[in-house]
Amino acid sequence: MSINISATVSKKVNIESDTVEYVQDTNSIFFLNNVKIASDNINVSAREAIYDNESEIISVFGFPSVITSGKKGTKFKGTAEKIIIFSDEKVHLLGNASMSYENINISSNKIVFNPQSGSLISEE
């Protein structure tokens, strides 16, 4: 099953999973099992994801959740217990996080990454 989400700030994001469930009370969409998220800049694979329609934030869960580049000519790969994707596609990797980008390898509890600019910040 596949759903396209158009956030107001970013370009379209395609999310696929085995099961999709809409919860009206929280205005959220749950994606369960074999989750694959794709946009112009990133690709993510995980066990589950939640799209919060109010905040336009995608929270991805499952260890490891993996993020890779979706843009030609840019190579990065990261893993974490949880990945948060904001509507502008800035990404937070949380819990046992690691990221490799060009010649840089970072491991930390929290990594903030901007796939458009390549900026990386490690926080404990």
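These legends describe close-up views of one predicted model.

The model is predicted: local features need pLDDT of at least 70, side-chain atom pairs count only at pLDDT 80 or more, and totals for chains, interfaces and linings use all residues. Residues are numbered from 1 along each chain as its sequence is written, and side-chain values use heavy atoms, with hydrogens and water left out.

View 1. Helices (H or I, at least four residues) and strands (E, at least two) are DSSP runs, numbered from the N terminus. Along the principal axes, the C-alpha atoms fill a box of roughly 45 × 25 × 25 Å. Of the 124 residues, 44% count as buried. Buried means under 20% relative accessible area, exposed over 50%, and partly exposed in between (1.4 Å probe, protein chains only).

**View 2. The largest nonpolar core has 26 residues.** Such a core is a set of buried Ala, Val, Leu, Ile, Met, Phe, Trp, Tyr and Cys residues joined through side-chain atoms within 4.5 Å. Ile 37, Ile 58, Val 60, Ile 67, Ile 83 and Leu 93 have the most contacts inside it. Strands E2, E4, E5, E6, E7, E8 and E9 each supply at least two residues of this core. In soluble globular proteins, nonpolar side chains tend to be buried together.

**View 3. Leu 93 touches residues that include Ile 67 and Ile 83.** Contact means heavy atoms within 4.5 Å. Residues up to four places away in sequence are not counted. Other partners include Gly 78, Met 99, Asn 109 and Ile 111.

**View 4. Ser 69 is found in strand E6, residues 57–69.** Ser 69 is buried, with a relative accessible area of 16%. Leaving aside neighbours within four places in sequence, Ser 69 contacts Asn 41, Ile 42, Asn 43, Thr 74, Lys 75 and Phe 76.

**View 5. Glu 56 lies in the loop between E5 and E6.** Its phi is positive, about 60°, although Glu 56 is not a glycine. Most residues other than glycine have a negative phi. Glu 56 counts as buried, at 15% relative accessibility.

**View 6. Glu 102 sits in the loop between E8 and E9.** Phi of Glu 102 is positive, near 50°. Glu 102 counts as exposed, at 64% relative accessibility.
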